[in-house]
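Hi everyone, thanks for coming. I'd like to walk you through a few local features of one model, so please have the viewer open.

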Amino acid sequence: MDTVLGSPVPAAAPAGSPLRGRTAVVTGAARQVEDRLGSASVVVANAGIAVGGPFSRTDADLWQRVIDVNLVGAANTARAFLPQLTRTHGYFLQIASTAAFGSAPMMSAYCASKAGAESFAQALRGEVQPDGVAVGIAYLHWTGTDMITGIDEHPVLRALRENQPWFARRVHTPAQVADWLATGIAHRAHHVYAPPWLRWCQPLRPLLPALVGRVARRELRRTSTDELASATEVMGAGGRADWELFTSTRRRRADP
């Protein structure tokens, strides 16, 4: 049985804390999958949110939330399902991003989380390979989910795309990206590229941070500081829903 799951579960925390409770959610989900469908043979850690804008103007809790969802949530998903994947000699696919290739100014939380997720998956691969579990990393570029709705109106995203070549500016449909991912899963690939031309960027990675930073800074200078600061909100309907739930839950717990 193949199971595809993405889970925005935050980091583990001391017993009795809210974070400990949320971590238990994905463990419970893993048990339900096994009880109802059998042990998972494929698990995809796909959950992700993003925030743009200056680091100094970004709410510290929102910055942390991006890390919790994109990196720690992926690790908790792997932790919950590894016993099943070990039994099935299964496959764990970590969704990363071209944000792991070249860290872009004004996207510090997202780039840090995706670079961390990539590094986590690489480390995990070496640990679980002797148990017959394969680990893959998927690198996604512009994908037409609600995260990038209004991409040409968002000052940070617009600046990042401004000087990319035409083929790199293309936004791919979720269906097309899902096909690329499904092919990678079928081959238990170590690396999945969506779109496929991204594989040719791997040899250039030592050069990309400086190149991306230089181009992005030039474009961002054309945008006022106030406009950039106004963009320091979580992107997309899914991200906003997660953030609103997170903040409302925190407020309820703080009330006497």
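**A serine, some rings and a helix**

Let's start with Ser-113, which sits in helix α3, residues 108–128. Helices here are DSSP runs of H or I with at least four residues, strands are E runs of at least two, and both are numbered from the N terminus. Before I go on, this is a predicted model, so local features need pLDDT of at least 70, side-chain atom pairs count only at pLDDT 80 or more, and totals for chains, interfaces and linings use all residues. Residues are numbered from 1 along each chain as its sequence is written, and side-chain values use heavy atoms, with hydrogens and water left out.

Is Ser-113 buried or exposed? It is buried, at a relative accessible area of 0%; buried means under 20%, exposed over 50%, and partly exposed in between, with a 1.4 Å probe and protein chains only. A polar atom of the Ser-113 side chain lies 2.8 Å from the backbone oxygen of Tyr-110. Leaving out residues up to four places away in sequence, Ser-113 touches Val-66, Ile-67, Asn-70 and Leu-71, where contact means heavy atoms within 4.5 Å.

Now the rings. Searching the whole structure gives six aromatic pairs. Rings of Phe, Tyr and Trp (its six-membered ring) pair if their centres lie within 6.5 Å; planes under 30 degrees apart are stacked, over 60 edge-to-face, and the rest tilted. Phe-55 and Trp-63 are edge-to-face, because their ring centres are 5.8 Å apart and their planes are at 80 degrees. Phe-55 is exposed at 56% relative accessibility, while Trp-63 is partly exposed at 23%. Trp-243 and Phe-246, by contrast, have centres 5.5 Å apart and planes at 20 degrees, so that pair is stacked. Trp-243 is buried at 17%, and Phe-246 is buried at 15%. These two are three residues apart in helix α9, residues 236–254, so about one helical turn separates them. There is also an aromatic cluster formed by Phe-101, Tyr-139 and Tyr-193.

Last stop, helix α6, residues 174–186. Which of its residues are buried? They are Val-177, Trp-180, Leu-181, Gly-184 and Ile-185. Down the α6 axis, these buried residues fall within an arc of 140 degrees (taken from the directions from the helix axis to the C-beta atoms), so they line one face of the helix. That buried set packs against β1 (42–45), β2 (91–97), β3 (134–140) and β4 (191–194). On the face turned away from the buried side, α6 carries the exposed residues Ala-175 and Ala-186. Just after α6, Arg-188 takes a positive phi of about 50 degrees.

How values were computed:
A polar contact is a pair of N or O atoms within 3.5 Å; within protein, one must be able to donate a hydrogen and the other to accept it, and residues adjacent in sequence count only if both atoms are side-chain atoms.
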